[in-house]
Amino acid sequence: MLELSTRQLEIVDLVRKRAPITGEQIAEALGVTRPSIRSDLGLLAMLGYIDAKPKVGYFPAAASGDAGAAGQNAVLQMRVKEVMGVPVVLRETATVGDAVVSLFLENVGSLIVVDAAGSLSGIVSRKDLLKVAVGNSHADAVILGMVMTRYPNIVTAAPEDTILDAMRKMIQHEVDGLPVVQAHPHGGAPAAEVVGRITKTTILKLIYEAAVSREIP
């Protein structure tokens, strides 16, 4: 079973005693900053220890921690390679126009950009494309290598990471998905070979299915 850290236990205790309580109030009570506990709050909410309502704050979840812990913990300890999806990739020489078409056809929020050997070069998001497109009549012809966020300034997951590892990275870095990469030789140097992708939607679906399965008699 997943063990909570001391700070996470303190957060749960604060929420139980002082609900509804805001993230700022929790941070003040712990003597830390709000950003420093963002990942803890996200994880506790995902695990079912606390709940949150916009403009209200945090409060104890209707089903307290242990009620759903077994199924959730089983999901969180699964390996990324067991659930990762097929990566949606484009070459760095593709254009913004190509990327827009791919985003709509594949119904994804971002695209993984690779070089000729399949190594991770960067990530391009809807926001990246929007920024280059506004006021630029020639945006369609701009190559992705000029607008993408370049590797290694990208958060990634490894096939052997747990779902919990991946979820923690997404929460800490405020991203909706991660390229899954593994090292491979490339020109005599290690490079990040793209082998999959994992998203918040995938993780939420797994946790939801685990919760639903417990309700079936």
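This is a predicted model: local features need pLDDT of at least 70, side-chain atom pairs count only at pLDDT 80 or more; totals for chains, interfaces and linings use all residues.
At 62% relative accessibility, K17 counts as exposed. K17 takes part in a salt bridge with D13, in which the closest N and O atoms are 3.1 Å apart.

The secondary structure comes to nine helices and eight strands. The chain has 217 residues, of which 42% count as buried. Among the contacts with a sequence separation of 6 or more, 58% are accounted for by residues 24 or more positions apart. Seven salt bridges are held in the structure, and the pair D13 and K17 is one of the salt bridges described here.

Helix 1 spans residues 6-18 and packs with helix 3, residues 38-47, at an angle of about 65°, the two axes being 10 Å apart. An angle of 65 to 115 degrees counts as roughly perpendicular, and helix 1 and helix 3 are therefore roughly perpendicular to each other. The crossing in which helix 1 passes helix 3 is right-handed. On the side of helix 1, the contact is made by R7, Q8, I11 and V12, and on the side of helix 3 by D40, L41, L43 and L44. Sorted by class, this contact has five nonpolar residues, one polar residue and two charged residues.

The burial pattern of helix 3 can be read alongside this contact. S39, D40, L41, L43, L44 and L47 are buried in helix 3, and D40, L41, L43 and L44 are the residues through which helix 3 makes its contact with helix 1. R38, by comparison, has a relative accessibility of 32% and so counts as partly exposed. After helix 3 comes G48, whose phi is positive, near 90°.

Because E174 lies in the loop between helix 8 (163-173) and strand 7 (177-186), while R38 is in helix 3, the pair ties together parts that are 136 residues apart in sequence. E174 is exposed, with a relative accessible area of 53%. The backbone of E174 also deserves attention: its phi is near 55°, a positive value in a residue other than glycine.

A further salt bridge joins K169 and D161, with the closest N and O atoms 3.1 Å apart. K169 has a relative accessibility of 24% and therefore counts as partly exposed, whereas D161 is buried, with a relative accessible area of 16%.

Attention now turns to helix 6, residues 96-106, in which S102 has its place. S102 counts as buried because its relative accessibility is 16%. When its neighbours within four places in sequence are left aside, S102 is in contact with L90, N107 and L111. In contrast to the buried S102, N107 has a relative accessibility of 65% and so counts as exposed. Phi of N107 is near 55°, a positive value in a residue other than glycine.

The bond from A19 to P20 is cis, with omega near -5°, and P20 is placed in the loop between helix 1 and helix 2 (23-30). The bond from Y151 to P152 is likewise cis, with omega near 20°. P152 is found in the loop between strand 6 (149-150) and helix 8.

Conventions: Residues are numbered from 1 along each chain as its sequence is written. Side-chain values use heavy atoms; hydrogens and water are left out. Axes are lines fitted to C-alpha atoms, for helices over the stretch in contact, and angles run from 0 to 180 degrees between N-to-C directions. Helices (H or I, at least four residues) and strands (E, at least two) are DSSP runs, numbered from the N terminus. Angles under 35 degrees count as roughly parallel, over 145 as roughly antiparallel, 65 to 115 as roughly perpendicular and the rest as oblique. A crossing is left-handed if the near helix is turned anticlockwise from the far one by less than a right angle, and right-handed if clockwise. Contact means heavy atoms within 4.5 Å. Ala, Val, Leu, Ile, Met, Phe, Trp, Tyr, Cys and Pro count as nonpolar, Asp, Glu, Lys and Arg as charged, and the others, Gly among them, as polar. A salt bridge is a side-chain nitrogen of Lys or Arg within 4 Å of a carboxyl oxygen of Asp or Glu. Buried means under 20% relative accessible area, exposed over 50%, partly exposed in between (1.4 Å probe, protein chains only).
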